[in-house]
Amino acid sequence: MTATTVVTGLGITAPNGLGTEDYWKATLDGRSGIGPVTRFDASQYPATLAGEVPGFVAEEHIPSRLMPQTDHMTRLALTAAAWAIDDAGVDAAALPEYGMGVVTAASGGAVEFGQRELQNLWSKGKEYVSAYQSFAWFYAVNTGQISIRHKMRGPSGVLLTEQAGGIDSLGHARRHIRKGIPLVVAGGVDAALCPWGWVPQLASGRMSTVCDPARAYLPFSPDACGYVAGEGGAILVTEDAGSACERGARQIYGEVAGYAATLDPAPGSGRPPGLGRAARLALADAGLTPADIDVVFADAAGVPEPDREEAEAICALFGPRAVPVTAPKTMTGRLLAGGAALDAATALLALRDGVIPPTVNVAAPATDFPLDLVTGSPREQDLRAALVLARGHGGFNAALVVRRHAATTDPASGRND
């Protein structure tokens, strides 16, 4: 019998909330974390807005011995992982080290650390380059630091599929659990708010250059003009359902029920983008039909043509205006490898509380996008299953189905259904 994978812990570091409940409250309140860039001087660049994690003091969360060898990104990831493990009630020291794995998503690695050390090399000489540069920038560094800190020596890895990576990490975590690993820490946290991380995104031609935070990132809107970059993400503790119940897990947020990943065809091939196929495959993997899905968390590129492709994929699968669609990332910006993991965590919180968070700043979708876009305020609704969509630069597509598990805690009563 195939093992069931459930999520028992969440750790969130997001531009509109530090910590899971702070983030969730801000999201339901429609409070945005997008504003002028402060982590570096962006005044000479076309794009000047970002979603920055507020109030994060690394020294309050990270041991002093790790400070010299970690980037801002890794400090956020270590903090989110510690919160997720604590939220799950996991005593890692009491579990077999080789029975716990770590799979995270990454985009370009710790670019802020790398930029600083290369600047030291160019301006001062090799004697001024930190020895930690040998690994601190590496795209697998979050996986490595989390596994070392919590002595998790089981199967581990990193997925480099940009925005799709958070979903891919959860899909790979489920694969490990199905192979007999009881617990896998998964998700993604990213941070590239420095010139070295900024310029490649500008080169894509998809970043918004609007200076008004309320008008800069408007997915599915007739006024869509690009996306706003952000930092942060989410780390999730996934477990075999039987193992979680046996150890007395304090809550189960939901089940990782279906997953699929596809690649877009080569430009000019005449074949459709792969997002719709990923969604269909994820539903089939979960044994569900479109009628079983109660909400879609959209990738929400914020660029007219990709928005059109996603709207067409959703409508082809569900029908016009047949399922609520939302994009709470309008409050955080697109978080590179952290974005899809945060969407997955948000979907699980929505299932827990029976409420769909809104898409802010978008009054209504464009008239040729027949979507039931949740705008303005949250929508209370009984939610059984959610579909999360993500696309990464380079043609990566991923889709995840999460659903309520039989042992999911009823947040109103504190009892198990």
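Select Arg391 to begin: this residue is buried, with a relative accessible area of 12% (buried means under 20% relative accessible area, exposed over 50%, partly exposed in between, with a 1.4 Å probe and protein chains only). The model is predicted, with local features requiring pLDDT of at least 70 and side-chain atom pairs pLDDT 80 or more, while totals for chains, interfaces and linings use all residues. Residues are numbered from 1 along each chain as its sequence is written, and side-chain values use heavy atoms, leaving out hydrogens and water.

Arg391 lies in strand β16 (residues 385–392) and Asp299 in the loop between β11 (295–297) and α10 (304–318), 92 residues apart. Helices (H or I, at least four residues) and strands (E, at least two) are DSSP runs, numbered from the N terminus. Asp299 is buried, at 3% relative accessibility.

Now move to Gly17, 282 residues from Asp299 in sequence and 20 Å away in space, C-alpha to C-alpha. Gly17 belongs to strand β2 (residues 17–18) and is buried at 5% relative accessibility.

Finally, select Arg352 and Glu21, a salt bridge whose closest N and O atoms are 3.1 Å apart. Arg352 is in helix α11 (residues 339–353) and Glu21 in helix α1 (residues 20–28), 331 residues apart.

Notes
A salt bridge is a side-chain nitrogen of Lys or Arg within 4 Å of a carboxyl oxygen of Asp or Glu.
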